[in-house]
Amino acid sequence: MFRSALLRQVSRASTTAIRPPTFSAAPIAPAIRNFTTSLRTLEKEDPTPLEDEHDRYSTAGQPGDTEHEGRHSRTDKTYRFEQPEEHELPQSKPVQGRGGMHFKRTLASFTLQDRVGVVTGGARGLGLVMSQALIVSGSDVAIVDLNKEEAQRQAEELMRHFRDENPGGDKCPLVTAHYADVSKPESVNAALAEIIEQHGKIDNLVTSAGFCENFDAISYPHDRMQKLWGVNVDGTYLFAIGVAKHLMERKAPGSIVMIGSMSGSIVNVPQPQAPYNASKAAVRHLASSLAVEWAHAGIRVNCISPGYMLTALTKKILDENPELAQKWTSLIPQGKMGRPEDLMGAVTFLLSDAAGYVTGTDLRVDGGYTIT
């Protein structure tokens with residue numbers, strides 16, 4: 001029965017005459033717009049009367065109707081912070097109790113055993129703690145920093161710290177220190193050659209070298225802006241292409257993690273920092289672009305964008321501007337700043353085989369700041 005009904009429908013469809021269209025196209029008249037050259041004075045219209053008290057919280061309200069209007073919507077140029085000179089930067093300490101022997105089960109794919117990772121800016125702050133994360137996960141590490149002495153001190157401290165937390169261990173990761181001005185190609189190439197000579201290879205890269213300054217855009221000295229972009233953007237690019245070239249020559253897969261910032265996606269308030277924000281937006285998109293370009297070679301490129309992190313340098317800023325702590329945390333859904341160790345899991349994941357199908361992503365570690 002189904003077949004006969006189907007045949008009837010096919011028969012009707014084949015014998016139905018195709019009707020010609022019944023509409024007729026009307027002639028299209030050219031559009032004519034009358035322009036006037038007379039000047040008009042824009043007069044301010046009377047405000048729309050409010051229907052109820054809630055309307056004052058909308059665009060129907062008048063300026064100043066609410067006490068919090070514009071409270072966090074604009075920058076304040078009185079906040080100014082200039083990056084200290086290298087010898088003035090506060091020292092950082094390895095995180096206590098984050099390594100050592102443990103017997104909690106986890107995926108084997110999270111290990112970085114038998115790999116060599118390079119961390120730029122690894123002698124302080126976020127870079128130091130992420131270096132420690134690689135060591136705890138089984139990786140040898142090359143710390144690259146503008147201050148070679150501080151990098152050497154931290155390399156020795158990290159190995160001592162590992163041995164203290166792993167008594168009787170048969171293997172301590174090798175941690176080396178290297179100098180580089182990340183903004184200069186010849187310095188970057190020399191550092192990479194030295195690392196390969198001492199470690200034999202490079203598998204992973206974390207580009208943590210970078211800094212932030214707070215100047216209103218008009219007052220920012222141009223030479224300082226060039227320095228900031230040289231470290232934050234050029235340094236990230238130069239180390240990334242140097243490591244990628246090495247990996248391609250070895251025909252080996254690898255993982256690169258660029259340290260961006262939530263400031264690459266939002267505008268921080270109240271402190272002004274337009275050039276820094278733009279530099280981190282560049283880092284974020286650079287990671288995406290290189291992830292596509294190098295996917296054929298098995299090289300994954302991702303970005304981590306931290307929010308407000310309580311580093312030794314951040315504490316220095318808050319000592320001078322204590323009211324900033326309340327303003328910053330009031331805009332974070334979790335209501336608190338992060339600590340450098342909150343990045344240890346993120347960087348380990350993205351470098352490891354556990355993230356084997358993750359590339360070109362921006363992992364924001366910001367307590368929810370950028371989603372509100």
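Q: Before we get into details, what does the secondary structure of the chain come to?
A: Keeping in mind that this is a predicted model, the secondary structure of the chain comes to 9 helices and 7 strands.

Q: And how much of the chain is buried?
A: Of the 372 residues in the chain, 44% are buried.

Q: What about contacts between residues at least 6 apart in sequence, what share join residues at least 24 apart?
A: That share is 76%, counted among the contacts in the chain between residues at least 6 apart in sequence.

Q: Let's look at α2 and α9. How do their axes sit relative to each other?
A: Helix α2, residues 125-136, and helix α9, residues 344-351, have axes that come within 9 Å and cross at roughly 55 degrees, and the two helices are therefore oblique to each other.

Q: Left-handed or right-handed crossing?
A: The crossing in which α2 passes α9 is right-handed.

Q: Which residues actually meet there?
A: On the α2 side they are V129, M130, Q132, A133 and L134, and on the α9 side they are M344, V347, T348 and L351. Sorted by class, this contact of α2 with α9 has 7 nonpolar and 2 polar residues, with no charged residues.

Q: Staying with α9, how many of its residues are buried?
A: In α9, 6 of the 8 residues are buried, so this helix is largely enclosed by the rest of the structure. The buried residues are M344, A346, V347, T348, L350 and L351.

Q: What covers them?
A: The cover over the buried residues of α9 includes helix α2 together with the strands β4, β5 (254-259), β6 (299-306) and β7 (362-365).

Q: Back to α2, how does it cross α3?
A: The axes of α2 and α3 come within 11 Å and cross at roughly 40 degrees; these two helices are therefore oblique to each other, and α2 passes α3 in a right-handed crossing.

Q: Who meets whom in that one?
A: L128, S131, Q132 and I135 in α2 meet Q154, L158, H161 and F162 in α3. By class, the contact of α2 with α3 has 4 nonpolar and 4 polar residues, and no charged residues.

Q: Which α2 residue turns up in the contact with α9 and again in the one with α3?
A: That is Q132, which is listed among the α2 residues that meet α9 and also among the α2 residues that meet α3.

Q: Changing topic, how many salt bridges are there?
A: The count comes to 13 salt bridges. One of them joins the side chains of D140 and K171, at 3.8 Å from N to O.

Q: Where do D140 and K171 lie?
A: D140 lies in strand β2 (residues 140-145), while K171 lies in the loop between α3 (148-165) and β3 (175-179), so the pair ties together parts that are 31 residues apart in sequence.

Q: Is each of those two buried or partly exposed?
A: D140 is buried, with a relative accessible area of 17%, whereas K171 is partly exposed at 44%.

Q: What is the N to O distance for K184 and D181?
A: The side chains of K184 and D181 meet in a salt bridge at 3.2 Å, N to O. K184 is partly exposed, with a relative accessible area of 40%, and D181 is buried, with a relative accessible area of 18%.

Q: And how far apart are N and O for D203 and R250?
A: The side chains of D203 and R250 meet in a salt bridge at 3.4 Å, N to O. This pair links distant parts of the chain, since D203 is in the loop between α4 (185-199) and β4 (204-207) and R250 is in helix α5 (residues 222-250), 47 residues apart.

Q: Which residues do shared partners join into one network?
A: Salt bridges that share partners join E82, E213 and R224 into one network.

Q: Last one, where is V292, and is it buried or exposed?
A: V292 is in helix α6, residues 274-293, and this residue counts as exposed, at 67% relative accessibility. From C-alpha to C-alpha, V292 and G360 are 7.3 Å apart in space, and they are 68 residues apart in sequence.

Key. Residues numbered from 1 in each chain as written. Predicted model: local features only at pLDDT ≥ 70, side-chain atom pairs only at ≥ 80, totals over all residues. Heavy atoms only, no water. Axes fitted to C-alpha atoms, helices over the stretch in contact; angles between N-to-C directions. Helix = DSSP H or I, 4+ residues; strand = E, 2+ residues; numbered from the N terminus. Parallel < 35°, antiparallel > 145°, perpendicular 65-115°, else oblique. Left-handed = near helix turned anticlockwise from the far one by under 90°. Contact = heavy atoms within 4.5 Å. Nonpolar A, V, L, I, M, F, W, Y, C, P; charged D, E, K, R; others polar. Salt bridge = Lys/Arg side-chain N within 4 Å of Asp/Glu carboxyl O. Buried < 20%, exposed > 50% of the residue type's maximum accessible area, 1.4 Å probe, protein only.
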